[in-house]
Amino acid sequence: MGIYLNPDNIEFYRATNSEIYVDKTELIRFTNRYLDTEHRNLCVSRPRRFGKSMAANMLVAYYSRGCDSRGLFNNYKIAQDKDFEKHLNKYNVIHVNMLDFLGRTDSVDDMINYLTRRLLWELKKEYSDVECFDWTDIVDVLTSIYYAKQQSFIIIIDEWDCVFRRYPNDYGEQKVYLDFLRFFIKDKVYMSLSYMTGIL
């Protein structure tokens, strides 16, 4: 269990423990339909304060191998679904909020470098027994882990579009970022699902 790799379920627990919580767990039934399909890349774009981060935290709690969330979901609608147990806490989850990384750096290149190094550090701690050709290449590492362990990944990115708000007219920085996302996510064998939230 790490900060970004296979996080725990505390953020979703806090949401359900709040004075006002609306059961949105049927979203999980929807995302389960797209696991390991050609349509496994999902992007949710809604205005602020519509529960995007809460939904992302819910998906983390449901899919992450880093926690046991059975009791957390027992009283919600998803627990009645026939596939509830099939996917519960069975996946390697990478969960990042891009604002956290953009706020620490001065350019998109720096942000990508910092994000990549941080993820690689957690992956190496968890999978030091896996032989990788290049432990500095995030795609090579994730691919090597997938083939060595037969464990796929779910990638959840909150505030994916913050780069466009920071650099609204800098198409060079935007292209660098989109190229990274394409390299990281598109058509990768290790990925069962990508779920991104934003306001664009």
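Let's start with rings. Phe12, Tyr21, Tyr62, Tyr63, Phe73, Tyr76, Phe84 and Tyr91 are linked by ring pairs into a cluster. Keep in mind that this is a predicted model.

Across the model, the count comes to 17 aromatic pairs. Take Phe73 and Phe84. Their rings sit edge-to-face, 6.5 Å centre to centre, with 65° between the planes. Phe73 belongs to helix H4 and Phe84 to helix H5, so this pair ties together parts 11 residues apart in sequence. Are these two buried or exposed? Phe73 has 0% relative accessibility, so Phe73 counts as buried. Phe84 is buried too, at 3%.

Now a second pair. The ring centres of Phe180 and Phe184 are 5.4 Å apart and the planes meet at 15°, so this pair is stacked. Both residues lie in helix H10, 4 residues apart, about one turn of the helix. Phe180 is buried at 9% relative accessibility. Phe184 is buried at 2%.

On to the cores. In soluble globular proteins, nonpolar side chains tend to be buried together. Here, the largest nonpolar core has 40 residues. Val96, Met98, Ile157, Tyr177, Phe184 and Tyr190 have the most contacts inside it. Several elements give two or more residues to this core, including strand E2, strand E3, helix H8 and helix H10. Which one gives the largest share? That is H7, with 7 residues.

Look at Tyr177. Leaving out residues up to four places away in sequence, Tyr177 touches Met98, Val108, Met111, Ile112, Trp160, Val163 and Phe164. Apart from this core lies another, of 30 residues, with Leu35, Met54, Tyr63 and Leu88 among them.

Technical notes: Residues numbered from 1 in each chain as written. Predicted model: local features only at pLDDT ≥ 70, side-chain atom pairs only at ≥ 80, totals over all residues. Heavy atoms only, no water. Core = buried A, V, L, I, M, F, W, Y, C linked by side-chain atoms within 4.5 Å. Buried < 20%, exposed > 50% of the residue type's maximum accessible area, 1.4 Å probe, protein only. Contact = heavy atoms within 4.5 Å. Phe/Tyr/Trp six-rings, centres within 6.5 Å; stacked < 30°, edge-to-face > 60°.
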